[in-house]
Amino acid sequence: MAAGFGRMSRVRRHQHHNLPAHRTRLIGREHEVEAIRQALLRSDGRLVTLTGAGGCGKTRLALRVAADLVDGFVDGVWLVELAPLADPALVPEAVATALGVREQPAKPMLDTLVTSLKSRRLLLVLDNCEHLVDGCAHLADVGLGRCASIRLLVTSRQPLGIEGEMIWRVPPLALTDVLSPSLDELVRSPAVQLFVERALAVQPAFELTGQNAPIIGKICRRLDGLPLGIELAAARLRALGLEQILERLDASIGMLMGSSRTAPDRQRTMQATLDWSHTLLRRCVQGT
């Protein structure tokens, strides 16, 4: 057993995190990033859960916070992506895989994991816990209770519901409250800023003007400021004009087909995000 943990220690001292590289800029979340970062560094901030509607940007926000904290944890920051899992009992195995902890014969993986983590100072990012709440809650409760120097940053559409959990509700991106906003007011809107930046990825010559700004503002408002919806709408500029996007949004939100083939299925369209939410609700109702 000691040999297995020793190997993990040597590997992790060279590899300080497994976070993905940021390919795009995080927009309109400066306050949240700093506040969540400070919360995790507080003595009572050992478990912070980011909650909010599907598509509000919980994962992206968590990854940015985690990246900012890499140098603050001697044993690193480790992302555990839970969306592909269907069985809550597999949560400890997923965490162990991310950390490089080997299974020990005739010993539950959770016990092996806790033994490995007792002397470590690290941050675990548990991403997409909503369909595995019971398993994640049990792991967090046991882990925090027996490992004094670990911290957890969780993303989930619902809290884990355990003692000591600090809940941070992630709001949509801010929209202007003015019914007929000026160009300057729209330029300052994080939702509009996100649309323009993502639009530039598909149309490098795209620019915000006095003519198209009101339409973009309406698109962002139609999408309630949800980052995922805004990004998908901007991606549709490959095939549609702004007026067409707005018209089709008014007709059906299902027109927002995603452009990334590598994105999770539940994030490729707004309809998929809604379907994912309905599946989770059905599981809760059925008790499965």
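A search of the whole structure, which is a predicted model, identified 0 disulfides. The cysteine sulfur closest to that of cysteine 136 belongs to cysteine 129, at 3.4 Å. Because a disulfide requires two cysteine sulfur atoms within 2.5 Å, this separation is too far for a bond. Cysteine 136 is buried, its relative accessibility being 0%. Cysteine 147 is likewise assigned to the buried class, with a relative accessibility of 0%.

Salt bridges, in contrast, are present in the model, and 9 were found in the structure. Side chains of opposite charge can pair when their charged atoms come close. One of these pairs joins glutamate 32 to arginine 29, with 3.5 Å between the closest N and O atoms. Both partners fall below the limit for burial, which is set at under 20% relative accessible area: glutamate 32 has a relative accessibility of 10%, and arginine 29 has one of 4%.

A further salt bridge connects the side chains of glutamate 34 and arginine 37, with an N to O distance of 3.2 Å. Both residues are located in helix H2, which spans residues 30–41. Their spacing of 3 residues corresponds to about one turn of the helix. Glutamate 34 is partly exposed, at 37% relative accessibility. Arginine 37 also counts as partly exposed, its relative accessible area being 22%.

Arginine 120 and aspartate 75 form another salt bridge, in which the closest N and O atoms are 3.6 Å apart. Arginine 120 is situated in the loop between helix H5 (109–117) and strand E3 (122–127), whereas aspartate 75 occupies the loop between helix H3 (58–68) and strand E2 (77–81). The pair therefore ties together parts of the structure that are 45 residues apart in sequence. Arginine 120 is buried, with 9% relative accessible area, and aspartate 75 is buried as well, with 12%.

Salt bridges also link four residues into a network. The members of this network are Arg25, Glu197, Arg198 and Glu231.

Definitions and conventions:
Residues numbered from 1 in each chain as written. Predicted model: local features only at pLDDT ≥ 70, side-chain atom pairs only at ≥ 80, totals over all residues. Heavy atoms only, no water. Buried < 20%, exposed > 50% of the residue type's maximum accessible area, 1.4 Å probe, protein only. Helix = DSSP H or I, 4+ residues; strand = E, 2+ residues; numbered from the N terminus.
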